[in-house]
Amino acid sequence: MFANETITMGRALIVCGFSLAVVFLVLLAISYMIDLVHWILTRNEKKPAAAPATAPASDPAPAKDDHAAVLIAAAVAACLGTTTDRFVVRSIRRVAGEESPWVQSGRTNTIQ
Amino acid sequence: MLELLQGFWESTGFSQLVQCNTELFGLRLPGELIMIGIACIFLYLAIRKGFEPYLLIPIAFGMLLVNLPLAGLMAHAVGDENGGLLYYLYQGTELGIYPPLIFLCIGAGTDFGPLLANPRSLLLGAAAQLGIFTTFFGAIFLGFTGPEAASIGIIGGADGPTALYLTSKLAPDLLGAIAIAAYSYMALVPVIQPPIIKLLTTPEERVIKMEQLREVSKTEKIIFPIVVTLFTVLLLPSAGALIGMLMLGNLLKESGRVPLLVDCIQKSLMYIVSILLGLTVGAKASAEMFLRPQTLQIIVLGVIAFGMGTAGGVLLGKVMCKMTGGKINPMIGAAGVSAVPMAARVVQKEGQKYNPSNFLLMHAMGPNVAGVIGSAVAAGMLLLFFQ
């Protein structure tokens, strides 16, 4: 459109505004497409989950922590050189430290 | 005997090297000698300081080779006489072949999972493209033509292959200066971004912890590159080469069916194309093309582009923080400039500085890879206007 032209400031402003708007709209549209794909893929998964929701309310473990708890228990077992049936994880609490876990991990490896 | 010696001397590159045949700010200077000096400085920065060595070493060496007088490595083919080696290798850059191949390799090494887990982070990748368009406007103000200004503005995308692709199409004469500016500033992301992040965010915003991202299924990861390619390239055909190659690389990786291809792309092809691209981009930095007042303007505009891109991402991050009731740490907006994964690492490091138990890396990777798509779309828009 404007190849080999010295364009005016007014036109440059229009190009800037229009292009930035298109970039925003394209990426916004992609973000909604991601939502749509996720909704389509998980739509059928939610239906069977609704049925057992009323069933056993006695399960004490919150489902969302199970995965993390299993991983942490496995990591503890690996560190202690034992198996997960030899100890019980009662609580998991993140400890704030001055160093990142990567630094701590690196130091541990060096010491070992 | 004296004539023989004189003839021999004149046939060597040394005699040409000291000739003052380049004019800069009204002064006659030995251009090739200065450019060899600059190339050596870049080699020092790449080798000793580790500034983007994988690209800066080939770029600097290309710069060195092209400024060796009488070697004719970038000489065009004339009649029956063949051109120089770098001239032929440069065709891959000029014809827009190498940058999309680099995008193929980037796609094969990119995990769009964090982006799929938090799709709104795409908007941060869009906001960070502000640097491209403000710098484009600034370049027009300084008197550059439309295609030149677009090529300078794209430095703000912080995406080397996109910058090279667009510049090779719109303003090949500026390729050397723009490549040097783009890759130098990408190496300086850890220096440029933190002060801007600190300036635009409050201490309370900087310590915000974000919720853990949801798990993303394999099917979502496979569908994503196909959907993005269909939608983006149909809407903006000029972005087809970059987006198409990026998404092809990603699909090959996510399909899980062609591990040998992915391994080849991620390693061998990536390094082969990097050498060719770097060498030929450096070869465009000859004295007469590089030692111009415009180069200084490009370098200044480049740092403004990076700064504005970072600011755009952080400012939209602040807006999203307010709209979500403080669930988004605005610092992740800085990762919207696509320098992958450097910008995300900077956000992680800054986040831990203000809250040692904060882990923003995966949250920042979303805007970071969104920035790659955003800058490719922005390049497509600029190609549409100026090609």
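**Figure 1. Overall fold of chain B in the predicted model.** Chain B contains 21 helices and two strands. With a radius of gyration of 22 Å, against the 21 Å that the globule rule gives for 387 residues, chain B is as compact as a globular protein of that length. The model shown is a prediction. The C-alpha trace of chain B extends over about 85 × 45 × 40 Å along its principal axes. Buried positions account for 55% of the 387 residues of chain B. Among contacts in chain B with a separation of 6 or more, 73% link residues 24 or more positions apart.

**Figure 2. Confidence across chain B and for the model as a whole.** The average pLDDT of chain B is 91, and 100% of its residues score at least 70. Of the elements of chain B, helix 16 (residues 240–255) has the highest mean pLDDT, 95. Strand 1 (residues 22–24) of chain B has the lowest, 79. For the model, ipTM is 0.86 and pTM is 0.80.

Figure 3. Chain A has three helices and zero strands, and its elements follow the order α-α-α from the N terminus on. Of the 112 residues in chain A, 11% are buried. The average pLDDT of chain A is 75, with 67% of the residues at 70 or above. Residues 53–59 of chain A have a pLDDT below 50, and this stretch has zero contacts in the model beyond near neighbours in sequence. Where pLDDT is low, the predicted coordinates should not be read in detail. By element of chain A, the mean is highest in helix 1, at 87, and lowest in helix 3 (residues 101–111), at 66.

**Figure 4. The contact between chain A and chain B.** Chain B contributes 40 residues to the contact and chain A contributes 34 residues. On chain B, the elements that each supply at least two residues to the side touching chain A are helix 8 (121–127), helix 9 (130–141), helix 10 (146–153), helix 15 (218–235) and helix 21 (361–386). By residue class, the side of chain B that touches chain A has 27 nonpolar, 11 polar and two charged residues.

**Figure 5. Close-up of A:Thr6.** A:Thr6 sits in the segment before helix 1 (9–50) of chain A. The residues that A:Thr6 touches, leaving out those up to four places away in sequence, are B:Thr145 and B:Gly146. A:Thr6 counts as exposed because 12 other C-beta atoms lie within 10 Å, and the class takes in residues with 12 or fewer.

**Figure 6. Close-up of helix 9 of chain B.** This helix has 12 residues and spans 17 Å from its first C-alpha to its last, close to the expected 16 Å. Helix 9 of chain B is largely enclosed by the rest of the structure, since 10 of its 12 residues are buried. The buried residues are B:Leu130, B:Gly131, B:Ile132, B:Phe133, B:Thr134, B:Thr135, B:Phe136, B:Gly138, B:Ala139 and B:Ile140.

Figure 7. Not counting residues up to four places away in sequence, B:Ile178 touches B:Ser151, B:Ile152, B:Ile155, B:Ala163, B:Thr167 and B:Ile298.

Figure 8. B:Leu230 belongs to helix 15 of chain B. B:Leu230 is classed as exposed because it has 12 C-beta neighbours inside 10 Å. B:Ile272 is part of helix 17 (residues 259–282) of chain B. B:Ile272 has 13 C-beta neighbours inside 10 Å and therefore counts as partly exposed. B:Ile272 and B:Leu2 are 48 Å apart, C-alpha to C-alpha, and 270 residues apart in sequence.

Terms used. Residues numbered from 1 in each chain as written. Chains lettered and ligands numbered in written order. Predicted model: local features only at pLDDT ≥ 70, side-chain atom pairs only at ≥ 80, totals over all residues. pLDDT = per-residue confidence, 0-100. Helix = DSSP H or I, 4+ residues; strand = E, 2+ residues; numbered from the N terminus. Contact = placed C-beta atoms within 7 Å. Nonpolar A, V, L, I, M, F, W, Y, C, P; charged D, E, K, R; others polar. Rg over C-alpha atoms; globule rule 2.2 N^0.38 Å. Buried ≥ 20, exposed ≤ 12 C-beta atoms within 10 Å, placed from the backbone. Expected span 1.5 Å × (residues − 1).
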